[in-house]
Amino acid sequence: MKRRNFIKKTGVATAAAFAAPYILPSGRLFARTLSRKANHVVFCLFAGGVRNMESVHQNEGNLMPSFFAGANSTNPGLDPLPASPWPVKLRTEGTLFPEMRYKEGPTGHFNGHTVAITGVYTNTGLNLRANPEYPTVFEYYLKHNSPAVTAKNAWWVSNALGPYPALNYSNFPGYGPMYGANHIAPTSLVSLATYPTIGQPKQFQFHEEEKVMEIREFLNKNFNQKLDNASAGNYNTPDDAAEIRAFIKTMFDKGVSGQFLNPLGVPTATANNDIFTILFAEEVIKNFQPELLVVNMTDVDACHQNYTQYCNNLRKADYAVAHLWKTIQETPGMADDTVLIIVPEHGRNLEGNTVTDIYGRFGIDHTGDNTSREIFSLILGPTGVINKNQTVGTAANPVGESIDIVPTIAHILGFDAHMPAGMLPGRVLTEIF
Amino acid sequence: MRNLRYLFLIIFLGACKPTENIYMYEVNEVEVTQAGIDKSNPKSDLEFISLAYSDLFGKTIPDNTLQSMALAYNALGDKALIADLIIRNMLNSPDADVPTAQEMRADVDGFITAAFKKLYVREPGEYELWYFRSLIESDSEITPEIIYYALLTSDEYRFY
């Protein structure tokens, strides 16, 4: 009887061992994600506060000729730009949500960015000096994607410093810097100001690098303290760190040799910070083909004191996104396998403020009225994956919210199946598929 | 009463037992402490940058240089990587006060001791001295820059 029990138990255990998923050293179950819609997502925060009135409604004429059809704006004070880098209107390449909403919380830039990247609305208690309270899309991806990938696949390209670098990981228990994205504020990192301090690093030969690692390992073993994870920022493997170091060096070399003059084909004198930011995002795309990249633009925020400059920068943002889409389609590995999501973080008020520009037009703030909660979203992607030339929602029947972007990204990349339930209040924008 | 006599007898015999010298063979006790055990406070980012500059250039970091380094430091998420870039850049400067290979090999112990005092603000332990002495003497490709770079990017350098 005992022998029979033994054989029975052994048989069950053996069968279970074959049937059970493989457990990685990290403790994560190995279960390859099979349900991806695409292998890359680029999320462009068309930020700074864009009002639907000037974007999808074209109240000032068409300020976004790369996105939409319509007679070009004849507003004064608009810089000449080259023709759109993409041959067809972006709007025809995907699904447009013309009346999306940023429903809750303050309409501040950092609030809006935090909502877009965490998928959770914020309140007035948001701490600008701390990482977000809830996990970012980067952490969900790096923690739950299967098989596991390194941070070289997740990038947060911000067009400014301030609180924005903190959006690459949260303080949420169980997440944090180990799952953080590689943040880069390229126009600060690769600049004339930083060239003397990081632009000319000593280059060690491979065998010298190995000796350094060996010595450092000896030293660290004899020391009992380690910097905590947050102090060390996000984590890269030594090989990935070497690649990123080489990438930064290349960016400086390109800058010094004048290759960043006339960025994206726009004359340098006309280019703004958004144009340069998108240029560097494209460099990240070409170098690393990341599976998840988030990039923001904020130059339209000039609108607080200069409405004309707002319109001018809106056109440049439109041009930059078209160039970004062109680069994605020209990058092996990402062409026809990338979903591009474009959405402002929030809108702007209906009424102007008291500041006028040289044409006597009033500036506009964003202080939480209904108009400042009206946004749009355009989601582009490969044929057969993303519905083309489709419009979802109307002013009378708004569809989509800011908090829906994170679950939609998780669904496109297929890691939503591995995420804990109840973390995200938003929904997958299934209308796009 | 009879039992009591036996007890006295046992005590008496025990007392008559010849004295033995007990020899204990062992090494002297030495208190072992970990290197840099008293360093428990992490340097802030700016402290780290400023001190590395002072250690390598022998002067206080100029404001504009500190601002430039702080800007770079904030503009990249991987702090270990950007710290590494800053240190590499400093080491690449002709003004960095790093001994030559000739000076290092002429007085290996002196080089190691000076490097530890400058960067770790302490003397090297005997084991550390032995390790570096062996390393330098057995490997002709070891340069002072390699050793300085390893020290500056080690965990201990991030604490005071």
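1. Among contacts in chain A between residues at least 6 apart in sequence, what percentage join residues at least 24 apart? The share is 73%, where two residues are in contact if their C-beta atoms, placed from the backbone, lie within 7 Å. For chain B the corresponding share, again among contacts between residues at least 6 apart, is 65%.

2. A word on the basis of this note: the model is predicted, local features need pLDDT of at least 70, side-chain atom pairs count only at pLDDT 80 or more, and totals for chains, interfaces and linings use all residues. Residues are numbered from 1 along each chain as its sequence is written, while chains are lettered from A and ligands numbered from 1 in the order in which they are written.

3. Chain A holds 10 helices and 10 strands, both taken as DSSP runs numbered from the N terminus (helices H or I, at least four residues; strands E, at least two). Of its 433 residues, 48% count as buried, that is, with 20 or more other C-beta atoms within 10 Å of their own, whereas 12 or fewer makes a residue exposed and a count in between partly exposed, with C-beta atoms placed from the backbone. The C-alpha trace of chain A spans about 90 × 55 × 45 Å along its principal axes.

4. An open sheet of 8 strands in chain A runs in the order β6-β5-β7-β3-β8-β9-β4-β10, with mixed pairing; strands pair if DSSP finds at least two bridges between them. Because β6 and β10 (390-391) of chain A each have a single partner strand, they stand at the edges and one side of each is left without a neighbour in the sheet. Strand β5 (residues 154-157) of chain A pairs with β6(A) in the parallel sense over 3 bridges, and Val157(A) stands opposite Ile184(A) in β6(A).

5. Helix α3 (residues 137-144) of chain A packs on this sheet, where it touches β5 and β7 (292-297) of chain A, and its direction makes about 170° with that of β5(A). Helix α9 (residues 307-330) of chain A lies across β3 (40-46), β7, β8 (338-343) and β9 (374-380) of chain A, running at about 175° to β3(A). For these angles, axes are lines fitted to C-alpha atoms, for helices over the stretch in contact, and angles run from 0 to 180 degrees between N-to-C directions.

6. Gln305(A) lies in the loop between β7 and α9 of chain A and counts as partly exposed because it has 16 C-beta neighbours inside 10 Å. Leaving aside neighbours within four places in sequence, Gln305(A) is in contact with Val355(A) and Gly363(A).

7. Chain B comes to 8 helices and 0 strands, and 31% of its 160 residues count as buried. Helix α4 (residues 79-91) of chain B has 13 residues and reaches 18 Å from its first C-alpha to its last, close to the 18 Å expected at 1.5 Å a residue, the expected span being 1.5 Å times one less than the number of residues. Since 11 of the 13 residues of α4(B) are buried, the helix is largely enclosed by the rest of the structure. Its buried residues pack against α5 (195-198) and α7 (238-256) of chain A, together with α2 (45-57), α3 (63-74) and α8 (144-152) of chain B.

8. Between the chains, 43 residues of chain A are in contact with 42 residues of chain B. The largest share of the side of chain A that touches chain B, 9 residues, comes from α6(A).
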